[in-house]
Amino acid sequence: MSQLETPLFTGLLEHVKKDPIQFHIPGHKKGAGMDPEFRAFIGENALAIDLINISPLDDLHHPKGMIKRAQELAAEAFGADYTFFSVQGTSGAIMTMIMSVAGPGDKIIVPRNVHKSVMSAIVFSGATPIFIHPEIDKELGISHGITPQAVEKALEQHPDAKGVLVINPTYFGIAGDLKKIVEIAHSYNVPVLVDEAHGVHIHFHEDLPLSAMQAGADMAATSVHKLGGSLTQSSILNVREGLVSAKHVQAVLSMLTTTSTSYLLLASLDVARKQLATKGRELIDQAIRLADWTREQINQIPYLYCVGKEILGTEATYDYDPTKLIISVKELGLTGHDVEQWLRETYNIEVELSDLYNILCIITPGDSEREASLLIEALRRLSEQFSHQAEEGIKPKVLLPDIPALALTPRDAFYAETEVVPFHESVGRIIAEFVMVYPPGIPIFIPGEIITEENLKYIETNLAAGLPVQGPEDDTLQSLRVIKEYKPIR
């Protein structure tokens, strides 16, 4: 096979050239039946390949032609035995991984700082999560990865676990020693599932952390759209056979996937794979150099700190991705959300995420020195404008959320009989819904955990800072849904 091939995209173009008369969905019929303003904006080419799984175009649920070949090329590029395309985003791929190995009552070892899709899959599967505490960075106020020692301890206590899930790298670009974790898990005959949502590019450059497949993991949900050049919502699921069955994985993925799969998304995966496989190292090299230069410039600005190699040195900070710019702004007496809004309103700059203490900016092959220079200029002005707060010693105290005790399995809590109670009267009760800050989508509470005063304060701190707390049915956060309690009749 040649990585220069794009069997799926090329097949779509050949089909379009034939200009067949379409008596099938989608109903807009190459845009002819669509709102003219939207059609003009999107363009005829995109609408021409917005097709459906008719026979000449293969079927993602049972691929035998161009989709099958495109997935085989992707597997070769990523060093996997099998690669499956996902049009349900990485969330769908993550849920597939978990539901492929764990069923009702099965144990699965996961870090507590997982994405909400992991916990959703645990609710659906009925599995019991065995939580590992991630390493906490008390200066930045963020969670890193899990250590091999923590995984070893978890497996010693729960050798019957059906899987170990690892985030590699984290949203902030920090990676643990994945290879060692894989070796430990495999010594117990337990598969390793990797949330690689923020690491599609790491496989293609030797100066970046090891990818899941390079480290010997069994499955990896890899978000191509985030950093790999495909369209939003398109991802892949890489599989190494042995401890997991690729056919079973495909069956589960099919259960979670729409039957009306988007060929725009599928084609974008095909061409993104080609670019990563043939030009990835060169393009990523440019991004790394630009990120390193940007980091150096930011670190010359008073009261700002952009994280670099100095963060390395622990088992949980074994490696890092320099294209992720973690910029601590707390010395200026500002929250990350304050800075995000200021950059938006003052310089028309949008960041990847903000939290109470940091902003996160990502550098990709789509960036140039022009964009990086504008960011540096904006941050210099930010520092000048708010330096008086830093000189007065105004800076927020780093507040970290507690990890609550799990009293019920997430599934039991989610489907239990519940009631709604006022927010401040919920302490000590068992929560029946998710509460998270998104992005990054890491839950503060998951169904089944005991509500603590400290975590309610943490939620209020995020709300006061203007950060997007999501999950509860009551989006005003005046109340929470908890497990119903029955009091004795007097």
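Which residues point one way from β8, and which the other way? V192, V194 and E196 point one way, L193 and D195 the other. The views below show a predicted model, in which local features need pLDDT of at least 70, side-chain atom pairs count only at pLDDT 80 or more, and totals for chains, interfaces and linings use all residues. Residues are numbered from 1 along each chain as its sequence is written, and side-chain values use heavy atoms, leaving out hydrogens and water.

View 1. Helices (H or I, at least four residues) and strands (E, at least two) are DSSP runs, numbered from the N terminus. Strand β8 covers residues 192-196; 5 of its 5 residues are buried, so the rest of the structure largely encloses the strand. Buried means under 20% relative accessible area, exposed over 50%, partly exposed in between (1.4 Å probe, protein chains only). Strands pair if DSSP finds at least two bridges between them. β6 (residues 164-167) runs parallel to β8, joined by 4 bridges. I167 has D195 as its bridge partner. β9 (residues 219-222) is also parallel to β8, again with 4 bridges. Here L193 is partnered by M219.

View 2. The order of the 3 strands is β18-β17-β19, with antiparallel pairing. β18 (442-445) and β19 (469-470) are the edge strands, each pairing on one side only. Helix α15 (residues 453-464) packs on the sheet and touches β17, β18 and β19; its direction makes about 125° with that of β18. Contact means heavy atoms within 4.5 Å. Axes are lines fitted to C-alpha atoms, for helices over the stretch in contact, and angles run from 0 to 180 degrees between N-to-C directions. Between β17 (residues 435-437) and β19 there are 2 bridges. M436 stands opposite Q470.

View 3. The structure holds 0 disulfides (pairs of cysteine sulfur atoms within 2.5 Å). The sulfur of C306 lies 8.2 Å from its closest cysteine sulfur, in C361, too far for a bond. C306 is buried at 0% relative accessibility. C361 is buried at 9%.

**View 4. The lining of the largest pocket.** A pocket is an open set of points on a 1 Å grid over the protein atoms alone, where a 1.4 Å probe fits, with protein on both sides within 12 Å along at least five of seven lines; lining residues have an atom within 4 Å of a point. The largest pocket holds about 990 Å³ of space. It is lined by 44 residues, of which N113, V437, P440, G441 and I442 are closest to its centre. α5 (89-101), α6 (116-125), β5 (142-143), β18 and α15 each supply at least two lining residues.

Definitions and conventions: Grid points are joined across faces, edges and corners, and a volume is the space filled by probe spheres set on the points.
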